[in-house]
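Please read them with the structure open.

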Amino acid sequence: MITNIPFGEKHARLSIFEPSEGTLVVVPSLSLPQDELRRIKAARCYEERLLFLLLTLREPGISVVYLSSMPIHQEIVDYYFGFLPDPDDAARRLHLITVDDPHSQPLTRSVLDRPDVVERIRGVMGDDAWLVPFVMSDLEEELAASLNVPIYGPAMSLAYYGSKSGAREIGTEAAVPMARGFGDLYTMAQIEDAVLSVPGERVMVKLNDGYSGLGNAIVPKHDWSRTEFSAGADESWTGFAAKLAERGGVVEEFIEHRPLYYPSALARITPGGHYDVVATHDQVLDGPVYQGCTFPARPEYRAEVCASAEKIAGLLAERGVVGLFGMDFFAMKTDAGYAALLCEVNLRIGGTTHPFGAALLTTDATYDPSTGLLMRGAQPKYYTATDNCSAGCLTGRTPGEVVKMVEGLGLGFDPVRRTGNVLHLLGAIPEHGKLGFTTIGDSREEADELHRLTRLALCGG
């Protein structure tokens, strides 16, 4: 095996969705602010979001090392192997390594605290390996250095562009439309000045490192006591101001326009600096919190979202960013048509990544940038996905039981038509009665209807 070719040269156009050789060291660590993470139900099970990468084992030259803080149930692994042509061969090329410390956060810190685990990873990953992190932090860079492997993700020196303030800076430079506002704010005096300077009766205040809609506040200009914190009633201005002082934030106009849509774009920058937009979605939100998505984004504003996302991806590629990342937008109808405003840039794998990866790898479709559609031959593919299907009747069930129930109801995946459901977050079922699924159809209507029927069967609504 040739090992002296630089990573960026050997894997210049590497896609983690469709690699052809080498070892993916998957680190699904939730290396995010833990105070916000605790508000998400079954948050630890979100380490399973990247299990769609097991589907890359369909290529005989690929191996996967998958880290987790809790054991991954064998029934879950068997479920993903069921999509592969040779499950036995895939099993020989999969290495599940569990720290088995569910009370420690985040996962990468636990791994670094265990030299035996680091040595075990080193022993199975081979020479041609790279780290695939869910999100980048100093911990992931330290782990990559310990293993002496490159990272399929942005260097921490570029992390600013993934903050709310950094998004405003890169959006301004790319000349893409944005909500009016101010970034790089750390003091309450700066916040107060910005609130008064932004148009409207209400404004948005966001922490730089907020995620999944958490870390936001809607502030009525003339009555701050009525501020709505996305974290809920246990948040206050005292606590929020302390977070702002430490992390910084932005103030932006609150978009009152209704109806308001929430499209996003998923982009990729390869180790060789090649960039492209690989998907657009419409996000499904509960208030500010992400619940799921539909693919593709609506045709009325899909092209504008793609154009803005491509400009931003080009600038980030010039700066040396590598990996998958998402960009969120607001979209609304105006007298001149539809407008899309950049909301934020997330330099990490996000909520729309695993549905896209699951759909791509199970349908063998190809993204067509000219239309924004996934195409399998002449047949476009659509999907509707959720991360939050919960029901008390699912609690205590095993992942395998729920898989059999879905398939027994005729709601599983049809390998001939390449339609149906691809399940995820199965590890959250026994304790939390919660799972997610991506419903694939040959039309928007088929995907939505099958998704509705699946949710009704599993969750009662």
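1. Leu425 sits in the loop that runs from E19 to helix H14 (429–432). Its phi is positive, about 55 degrees, although the residue is not a glycine. Most residues other than glycine have a negative phi, and most peptide bonds are trans. Leu425 counts as buried because its relative accessibility is 2%, under the 20% limit. The model is a predicted one, and this phi should be read as a feature of that prediction.

2. Ala175 is another residue with a positive phi, about 60 degrees, that is not a glycine. Its place is the loop between helix H8 (164–174) and strand E5 (181–185). Is Ala175 buried or exposed? Ala175 counts as exposed, because its relative accessibility is 58% and the limit for that class is over 50%.

3. Strand E19 (residues 419–424) is mostly covered, with six of its six residues buried. On one side, E19 pairs with strand E18 (residues 413–414) in the antiparallel sense over two bridges, and Phe413 is opposite Gly420. E18 and E19 make a hairpin with four residues between them, and in that turn Arg418 has a positive phi of about 60 degrees. E19 is also joined to strand E20 (residues 434–441), again antiparallel, by five bridges.

4. Strand E10 (residues 263–269) and strand E11 (residues 275–286) run antiparallel and are joined by seven bridges, with Ala265 opposite Thr280 in E11. E11 pairs in turn with strand E12 (residues 289–295), antiparallel and over five bridges; Asp286 has Val289 in E12 as its bridge partner.

5. Which peptide bonds deserve a check for being cis? The bond from Arg258 to Pro259 is cis, with omega near 0 degrees, and Pro259 is in the loop between strand E9 (249–253) and E10. The bond from Phe295 to Pro296 is cis as well, with omega near -5 degrees; Pro296 is in the loop between E12 and H11.

6. The largest nonpolar core has 101 residues, and Leu316, Met327 and Val345 touch the most other members. Helix H11 (residues 299–319) gives the most to this core, with nine residues. Neighbours within four places in sequence aside, Val345 is in contact with Tyr161, Gly162, Ala167, Ile170, Ile312, Leu316, Phe325, Gly326 and Met327. Another core of 22 residues lies apart from this one; among its members are Leu67, Val118, Ile121 and Ala129.

7. The open sheet of four parallel strands has the order E3-E2-E1-E4. Strand E3 (94–98) and strand E4 (129–133) are its edges, each pairing on one side only. Direction ignored, neighbouring strands are turned by 20 degrees against each other on average. Strand E2 (residues 62–68) and E3 pair in the parallel sense over five bridges, and Leu67 is opposite Ile97 in E3. Helix H7 (residues 138–147) packs on the sheet, touching strand E1 (22–27), E2 and E4, and its direction makes about 165 degrees with that of E4.

8. The axes of helix H3 (residues 74–81) and helix H13 (residues 399–408) come within 8 Å and cross at roughly 35 degrees. Glu75, Ile76 and Tyr79 of H3 make this contact with Pro399, Gly400, Glu401 and Val403 of H13. By type, the contact residues are four nonpolar, one polar and two charged.

9. Where does Glu235 lie, and what does its side chain reach? Glu235 is in the loop between strand E8 (228–229) and helix H10 (237–247), and its side chain reaches the backbone nitrogen of Phe240 at 3.5 Å. A polar contact of 2.7 Å also joins the side chains of Glu235 and Lys243. Glu235 counts as buried because its relative accessible area is 12%, against a limit of under 20%.

Technical notes:
Residues are numbered from 1 along each chain as its sequence is written. This is a predicted model: local features need pLDDT of at least 70, side-chain atom pairs count only at pLDDT 80 or more; totals for chains, interfaces and linings use all residues. Side-chain values use heavy atoms; hydrogens and water are left out. A nonpolar core is a set of buried Ala, Val, Leu, Ile, Met, Phe, Trp, Tyr and Cys residues joined through side-chain atoms within 4.5 Å. Buried means under 20% relative accessible area, exposed over 50%, partly exposed in between (1.4 Å probe, protein chains only). Contact means heavy atoms within 4.5 Å. Two strands pair if DSSP finds at least two bridges between them. A polar contact is a pair of N or O atoms within 3.5 Å; within protein, one must be able to donate a hydrogen and the other to accept it, and residues adjacent in sequence count only if both atoms are side-chain atoms. Axes are lines fitted to C-alpha atoms, for helices over the stretch in contact, and angles run from 0 to 180 degrees between N-to-C directions. Ala, Val, Leu, Ile, Met, Phe, Trp, Tyr, Cys and Pro count as nonpolar, Asp, Glu, Lys and Arg as charged, and the others, Gly among them, as polar.
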